[in-house]
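Here are some notes to read with the model open beside you. Take the points one at a time and find each spot on screen as you go.

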Amino acid sequence: MSESISFAISSWPPGLVMILAAFAVPWIPHIVRQAWMLGAIALSAWGLTNGAGIHAVWQVLGLELVLYRADNLTFPFALIFHIAAALNVIYSWHDRKWSEHTASLSYAGAAIAALHAGDLVTLFIWWEMTAVTSVFLILASGTERSRRAAMRYLLVQVLSGVLLLAGAAVIAGHTGSLAFERMTFGGPDNLGVWLVFIAFGIKAAFPFLNGWLQDAYPEATATGTVALSAFTTKLAIYALARGFAGTEMLIWIGAAMTALPVFFAVIENDLRRVLAFSLNNQLGFMVVAVGIGTELALNGAVAHAFVHILYKALLFMSMGAVLHQVGTIKASELGGLYRQMPFTMVCCIIGAMSISAFPLFSGFVAKSLTMSALGDTGLVWVYLVLLFASAGVLEHSGIKIPYFAFFAHESKFETGEAPIGMRVAMGIAALLCVAIGVFPGPLYSILPYAVDYHPYDASHVVGQLQLLIFAMLAFVFLVRMKWYPPEIPSVVLNSDWFYRRLAPALGRPLLGFVMMVWTRFIRVIVWYRDQFWAIADKIMHAPITGPTVPGRAVTIQAALLALLLVIGYFLA
Amino acid sequence: MTSSHSALQRLGSRFTLVLVIVAVSLVILEFVIHRHGEIAAEDFPIFPAIYGFLAFLFIVQVGKWLRLLIMRREDYYDE
């Protein structure tokens with residue numbers, strides 16, 4: 001009996017059980033609910049023990065939907081998605097409202113299910129579901145500002161899904177197959193491949209398709225942003241690694257992604273938005289690695305995604321804790337919290353050192369794979385851009401985040417540490433960041449390809465430390481000379497400006513013109529209609545069909561009846 | 001101002017001191033071990049240090065210029 005149950009559940013696509021469990025979340029009392037959610041995540045993770053292979057196929061409408069395909073590429077992503085989902089549950093332990101818990105559990109479930117989609121239609125279904133579930137994490141802030149951001153977010157995410165489905169249709173039309181495999185440009189299904197590529201590009205926050213990320217993530221709740229930071233974009237990285245590994249264009253796109261957000265992050269005042277820019281920059285490293293496409297590079301992309309989810313969540317958690325405690329996350333208002341929130345400060349610095357890729361922290365062991373793979377390609381300029389971006393990561397995530405939140409100047413706030421759940425989640429994430437950095441073996445053992453790589457050789461460690469320490473010296477130098485730009489309450493324009501400002505500015509007059517033509521057109525139609533009835537009334541001014549509403553109804557009925565009779569005559 | 005303010009300053013000074021010591025020892029280490037990079041340029045003596053230092057200054061300077069171009073009032077989108 002128990003075996004048949006285990007068989008049944010383990011052949012479900014992982015994540016599905018989390019989505020189903022989310023339906024019960026509103027009716028379960030507070031603390032039991034957290035245990036219920038952790039249980040659902042554990043059950044879903046248990047499904048991963050099936051190992052590689054195709055475990056669930058569903059025949060529907062003549063389509064063969066591969067609901068559960070597992071291999072070396074899905075496993076590391078699935079594992080870290082489960083860990084992130086569990087960390088979210090712990091982090092939001094204090095939250096008594098059911099709404100966000102439901103959204104966050106089903107969102108994580110949908111993302112995990114999407115990883116295991118073996119065909120483009122299944123991928124589309126989960127792809128859209130991640131959008132529809134995650135939007136509630138932004139709405140949960142409950143402000144007009146967040147509502148608008150949520151709607152913009154939803155529009156962009158759904159657009160990505162629609163492009164994916166359109167692309168899938170074109171590809172299936174040419175190849176007869178919906179299978180989600182490596183795609184190549186230039187074939188007969190070129191249009192479809194491009195549509196899928198752009199769909200992935202939106203979620204991976206390619207340059208100029210990235211506005212939604214920095215726009216929406218910082219508007220979510222303290223807990224919501226942590227959940228958001230883990231799944232959508234890394235699902236896109238997985239999808240790119242599956243569909244477009246070795247596509248050279250990605251190297252250039254990724255390089256631009258690493259470098260451009262750096263400048264925006266320097267001048268952004270909202271610290272969670274700084275982290276959103278930083279997230280974008282990190283995705284760039286992974287996109288470059290996918291573009292290189294060698295075994296070492298793909299290992300780099302996957303390892304980077306794995307550790308990135310942890311340290312980015314850790315950084316968002318520490319900023320969420322600050323937001324939860326003092327009610328603002330503006331650098332211009334914060335500072336000096338190292339006294340009131342020492343534990344959060346330590347966790348934040350561990351996250352900062354991990355993302356900056358200090359030796360002995362998780363970022364180092366992952367990023368080194370990508371940098372070595374890039375060195376092998378001989379693309380010197382790209383290598384120098386990524387090295388430059390590494391200094392940029394240190395600037396905004398390594399220094400700016402902890403410095404302006406916890407140091408900079410005396411604190412204006414009377415506050416203490418965040419709730420215990422938040423601290424436990426931060427503690428676990430911080431521990432994992434250090435553990436992976438010190439013992440990279442277990443991480444390397446789950447990467448898609450066999451790893452023969454040793455990040456800790458003296459030369460490499462010294463080189464990396466020189467880069468980081470001298471960049472920090474530059475910071476200290478600028479601060480001491482009072483040349484470091486002060487934080488200013490402000491908005492930094494990003495690519496969302498095009499649809500938030502430019503499109504309305506151009507669109508409104510255009511829409512006005514279209515509406516004017518339309519009203520004129522309707523007026524003409526109305527005139528003809530009135531003329532018609534005037535004539536009809538004049539002809540049929542008998543008592544039954546007078547110029548009254550019932551009279552007109554009788555006329556219409558008579559006309560329809562006559563039509564039916566004519567049809568009947570021809571059929572008979 | 002207050003005593004805690006000077007505590008923060010003391011923390012800053014100590015941090016700077018440690019940083020300088022580490023930086024100097026890294027430059028010394030450069031001549032003890034044979035450091036080599038992924039690309040030829042990296043093999044140039046203390047290349048990562050120079051590159052990191054200049055990159056940081058460059059980022060901050062470009063950020064300052066960028067402010068003139070794309071920084072708006074906080075309620076820019078709220079109108």
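**Notes on the two-chain model**

1. Start with where the chains meet. The contact draws 42 residues from chain A and 41 residues from chain B. Keep in mind that this is a predicted model.

2. Now look at chain A's side of that contact. Helix H12 (249-267), helix H16 (362-377), helix H17 (380-406), helix H20 (458-480) and strand S3 (491-492) of chain A each put in at least two residues. Which of them gives the largest share? That would be H20(A), with 17 residues.

3. What sort of residues are they? On the side of chain A that touches chain B you'll find 31 nonpolar residues, eight polar ones and three charged ones.

4. The chains also share some strand pairing. S3(A) pairs with strand S1 (residues 71-72) of chain B in the antiparallel sense, over two bridges. To find the place, look for Val491(A), which stands opposite Arg72(B) in S1(B).

5. Next, zoom in on Glu38(B). You'll find Glu38(B) in the loop between helix H1 (3-32) and helix H2 (47-70) of chain B. Is Glu38(B) buried or exposed? Glu38(B) has 20 other C-beta atoms within 10 Å, and buried means 20 or more, so Glu38(B) counts as buried. Setting aside its neighbours within four places in sequence, Glu38(B) is in contact with Met371(A), Ser372(A), Gly375(A) and Tyr383(A).

6. Chain A has a strand pair of its own. Strand S1 (residues 53-60) and strand S2 (residues 63-70) of chain A run antiparallel, paired over seven bridges. One pair to pick out is Ile54(A), whose bridge partner in S2(A) is Arg69(A). The hairpin of S1(A) and S2(A) has two residues between the strands, and Leu61(A) there takes a positive phi near 50°.

7. Two other residues in chain A deserve a look for their backbone angles. Leu360(A) isn't a glycine, yet its phi is positive, at about 80°. Leu360(A) is in the loop between helix H15 (342-355) and H16 of chain A. With 14 C-beta neighbours inside 10 Å, Leu360(A) counts as partly exposed.

8. Lys482(A) is the other one: not a glycine either, with a positive phi of about 60°. Look for Lys482(A) in the loop between H20 and S3 of chain A. How many other C-beta atoms lie within 10 Å of Lys482(A)? There are 7, and the cut-off for exposed is 12 or fewer, so Lys482(A) is exposed.

Notes:
Residues numbered from 1 in each chain as written. Chains lettered and ligands numbered in written order. Predicted model: local features only at pLDDT ≥ 70, side-chain atom pairs only at ≥ 80, totals over all residues. Contact = placed C-beta atoms within 7 Å. Helix = DSSP H or I, 4+ residues; strand = E, 2+ residues; numbered from the N terminus. Nonpolar A, V, L, I, M, F, W, Y, C, P; charged D, E, K, R; others polar. Pairing = 2+ DSSP bridges.
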